Amino acid sequence: KAGVTQTPRYLIKTRGQQVTLSCSPISGHRSVSWYQQTPGQGLQFLFEYFSETQRNKGNFPGRFSGRQFSNSRSEMNVSTLELGDSALYLCASSLGTGGDRNIQYFGAGTRLSVL
Amino acid sequence: AQKITQTQPGMFVQEKEAVTLDCTYDTSDPSYGLFWYKQPSSGEMIFLIYQGSYDQQNATEGRYSLNFQKARKSANLVISASQLGDSAMYFCAMREWNFGNEKLTFGTGTRLTIIP
């Protein structure tokens, strides 16, 4: 069974540009969550999508957005990039039932560098 | 207030020794889950073990066990017979069981180094 796949693995962008990251969840998983990891702020929750709907959102500016497709694949978009957006972006998938033993499995991440 | 606290920024342990990584949490929700993840230098977060707040017994997964002390709000990870491949960052995380809530709250992590 394939794991969570994130593409691309590495990205280099300049300030002001926009970027789109992709995440393909484990087959059968309907929930996809996104996290940002930086040395200063640690791991922070961005948002979660379930059945093509954003179900939960973290405390990030509106420049960060996402969507989910009918096959549960998800994309995350960051517009007007800032230097502080440089981070490892991790995607996690789960069944999305929200109850006991609902485990989130992570992809290898996309490392974004903003110059 | 920090919901997940990991007080050990780094640890050095001799190979084949057991190691305990500390984690304390804070929640007023009676229903929650506690997780441990391992993050090697490659960046991927690897799920290790899970403990539900209503579980009566401590969780175990191979060489990993979770020492769950509910009254103290602690969920320490124990790795028995450590191996060189255990060198990595380890994160404790919590999810509160509000319906539809998938959000994991992470601690700051512990960098574990296994010495040959």
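Across the interface of chain B and chain A, the rule finds one salt bridge. Keep in mind that this is a predicted model.

**Stop 1: the salt bridge.** Select R55(A) and E102(B). These two residues form a salt bridge, and their closest N and O atoms are 3.6 Å apart. The cut-off for such a pair is 4 Å.

**Stop 2: the rest of the interface.** Now show both chains together. How many residue pairs are in polar contact between chain B and chain A? The count is seven, with both residues at pLDDT 80 or more.

Select every residue in contact across the two chains. The size of an interface is often given as the accessible area lost when the parts come together. For chain B and chain A, the buried area is about 1900 Å². Carbon and sulfur atoms give 51% of that area.

**Stop 3: chain B as a whole.** Chain B has 12 strands and zero helices. Read from the N terminus on, its elements are β-β-β-β-β-β-β-β-β-β-β-β. The radius of gyration of chain B is 14 Å, close to the 13 Å that the globule rule gives for 116 residues, so chain B is as compact as a globular protein of that length. The C-alpha trace spans about 45 × 30 × 20 Å.

How much of chain B is buried? Buried residues make up 52% of its 116 residues. Now look at the contacts in chain B with a separation of 6 or more. Residues 24 or more positions apart account for 54% of them.

**Stop 4: K73(B).** Stay in chain B and select K73(B). Find this residue in the loop between β8 (64-69) and β9 (74-79). K73(B) is not a glycine, although its phi is positive, at about 55°. Is K73(B) buried, exposed or partly exposed? Its relative accessible area is 29%, so K73(B) is partly exposed.

**Stop 5: E52(A).** Bring chain A back and select E52(A). Here is another positive phi in a residue other than glycine, with a value near 70°. E52(A) is found in the loop between β5 (42-50) and β6 (53-57) of chain A. With a relative accessible area of 47%, E52(A) is partly exposed.

**Stop 6: S72(A).** Move along chain A to the loop between β7 (64-68) and β8 (74-78), where S72(A) is found. Why is S72(A) called buried? Buried means under 20% relative accessible area, and S72(A) has 11%, so this residue is buried. Show what lies around S72(A). Leaving out residues up to four places away in sequence, S72(A) touches P25(A), H29(A), R30(A) and V32(A). Zoom in on H29(A). Its backbone oxygen lies 3.3 Å from a polar atom of the S72(A) side chain.

**Stop 7: the cis bond.** Finish at T7(A) and P8(A). What kind of peptide bond joins T7(A) and P8(A)? The bond is cis, with omega at about -10°. P8(A) is found in the loop between β1 (5-7) and β2 (10-13) of chain A.

Methods. Residues are numbered from 1 along each chain as its sequence is written. Chains are lettered from A and ligands numbered from 1 in the order in which they are written. Side-chain values use heavy atoms; hydrogens and water are left out. Helices (H or I, at least four residues) and strands (E, at least two) are DSSP runs, numbered from the N terminus. Buried means under 20% relative accessible area, exposed over 50%, partly exposed in between (1.4 Å probe, protein chains only). A polar contact is a pair of N or O atoms within 3.5 Å; within protein, one must be able to donate a hydrogen and the other to accept it, and residues adjacent in sequence count only if both atoms are side-chain atoms. Contact means heavy atoms within 4.5 Å. Buried area is the accessible area (1.4 Å probe) that two parts lose on being put together, summed over both. A salt bridge is a side-chain nitrogen of Lys or Arg within 4 Å of a carboxyl oxygen of Asp or Glu. The radius of gyration is taken over C-alpha atoms; the globule rule is 2.2 Å times the number of residues to the power 0.38.
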